[in-house]
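This report describes the fold of one protein chain and the surroundings of its ligands.

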Amino acid sequence: MASFTAAYKLSLVCPSLASSSPQHFLPSLNKSILSISPTPSFSSISLASIGNPRCGSLIASAAAGPKRLLGSLTSTQGLKFAVVVARFNEIVTSLLLEGALETFRRYSIKEEDITVVSVPGSFEIPVVAQKLGKTGAYDAIICIGAVIRGDTTHYDAVANSAASGVLSAGLSSGVPCIFGVLTCDDMDQALNRAGGKSGNKGAEAAITAIEMASLCKSII
Ligand SMILES: Nc1c(NC[C@H](O)[C@H](O)[C@H](O)CO)[nH]c(=O)[nH]c1=O
Ligand SMILES: CC(=O)[C@@H](O)COP(=O)(O)O
């Protein structure tokens, strides 16, 4: 309800902004976004609108409480992304990659602003993600892999290393590194999450990457 009220106020004062960013200003009304990505529960004026001279007065009147920051999913122009994708279990990771690229297309990210880097397995993702992050050329990096349990404890080593490594790549580079590595008990679970009945985690990772890229670009 709070989000609806704020969105309504925004639509009154700055209709163009309200209608151009429905997933931010009317989050509870946009089922497609809600279904694939956790949407922040607070209603907020996005960073894009804070920087928008057309809506300067609105910010003062609509933002009664603390200033809230939220990355934009619509002001994507100029954002640059890298995708590091593991070839191990490629039947799965290629579907995750396709989900991510398709999502970038839907959110108007240009092909020339996307770099895809292939690595042997999920264990190799973090070092490459960190290197890419440190170049300063990317606003976010998506890490895609599929770790599927075998007979030994190898699974735990690879899965845990990938998770902590991706986290550490983001922290050390200062560039959001998004964890799009599946950790599954079997191939069925993995395929269900790579475009099957549980969605496509690559697509979700792309949406997270866009939001984080937008948010972090604006925090200086
Ligand atoms: N078993 C899986 C691996 N294993 C390979 C490692 O990631 C790594 O390439 C190797 O240990 C050499 O350093 N990788 C996955 O992505 N998924 C697996 O299920
Ligand atoms: C998750 C893995 O690395 C997997 O391929 C290893 O299988 P296993 O534990 O049977 O050697």
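In which loop is Ser108 found? Ser108 belongs to the loop between helix 7 and strand 2 (114-119). The model is a predicted one.

**Two residues with positive phi**

Most residues other than glycine have a negative phi. Ser108 is not a glycine, yet its phi is positive, at about 65°. Asn89, also not a glycine, has a positive phi of about 55°. The loop that holds Asn89 lies between strand 1 and helix 7 (90-106). Asn89 counts as buried because it has 20 C-beta neighbours inside 10 Å, and 20 or more are needed for that class. Ser108 has 13 C-beta neighbours inside 10 Å and therefore counts as partly exposed.

**Overall make-up**

The protein contains 11 helices and 6 strands. Of its 220 residues, 44% are buried. When contacts between residues at least 6 apart in sequence are considered, 77% join residues at least 24 apart.

**Strand pairing**

The pairing with strand 2 is parallel and has 6 bridges; in it, Ala86 stands opposite Val119 of strand 2. Between these two strands the chain passes through helix 7, and this β-α-β crossover is right-handed. Strand 1 also runs parallel to strand 3, to which 5 bridges join it. Here Ala82 stands opposite Ile141, and the bridge partner of Val84 is Cys143.

Strand 3 pairs in turn with strand 4 (residues 177-184), again in the parallel sense, over 8 bridges. Within this pairing Val147 stands opposite Thr183 of strand 4. A right-handed β-α-β unit is made by strand 3, helix 9 (154-173) and strand 4.

| Strand pair | Sense | Bridges |
|---|---|---|
| Strand 1 and strand 2 | parallel | 6 bridges |
| Strand 1 and strand 3 | parallel | 5 bridges |
| Strand 3 and strand 4 | parallel | 8 bridges |

**Burial and the nonpolar core**

The largest nonpolar core has 50 residues. Among the residues with the most contacts inside it are Phe81 and Val84, together with Ala100 and the run Ile141, Ile142, Cys143 and Ile144. Two or more residues of this core come from each of strand 1, helix 7, helix 8 (125-135), strand 3, helix 9, strand 4 and helix 11 (201-218).

Phe81 has contacts with residues from several parts of the sequence. Leaving out residues up to four places away in sequence, Phe81 touches Phe104, Ile109, Asp113 and Ile114, then Tyr138, Asp139, Ala140 and Ile142, and also Ala209 and Ala213.

**Ligand 1**

There are 14 residues around ligand 1, and those that come nearest are Phe88, Gly121, Ser122, Phe123 and Val147. Strand 3 gives the most to this shell, with 4 residues. At least two residues each are supplied by strand 3 and helix 9. By class, the shell around ligand 1 has 8 nonpolar, 5 polar and 1 charged residues.

**Ligand 2**

Which residues lie around ligand 2? They are Val147, Ile148, Arg149, Gly150, Asp151, Thr152, His154, Tyr155 and Val158. In this shell the largest share comes from helix 9, with 3 residues. Strand 3 and helix 9 each supply at least two of the residues. By class, 4 residues of the ligand 2 shell are nonpolar, 3 are polar and 2 are charged.

Strand 3 and helix 9 contribute at least two residues each to the shell of ligand 1 and at least two each to that of ligand 2.

Definitions and conventions. Residues numbered from 1 in each chain as written. Chains lettered and ligands numbered in written order. Predicted model: local features only at pLDDT ≥ 70, side-chain atom pairs only at ≥ 80, totals over all residues. Near = placed C-beta within 6 Å. Nonpolar A, V, L, I, M, F, W, Y, C, P; charged D, E, K, R; others polar. Pairing = 2+ DSSP bridges. Right-handed = clockwise from strand over helix to strand, strands pointing away. Buried ≥ 20, exposed ≤ 12 C-beta atoms within 10 Å, placed from the backbone. Contact = placed C-beta atoms within 7 Å. Core = buried A, V, L, I, M, F, W, Y, C linked by C-beta atoms within 7 Å.
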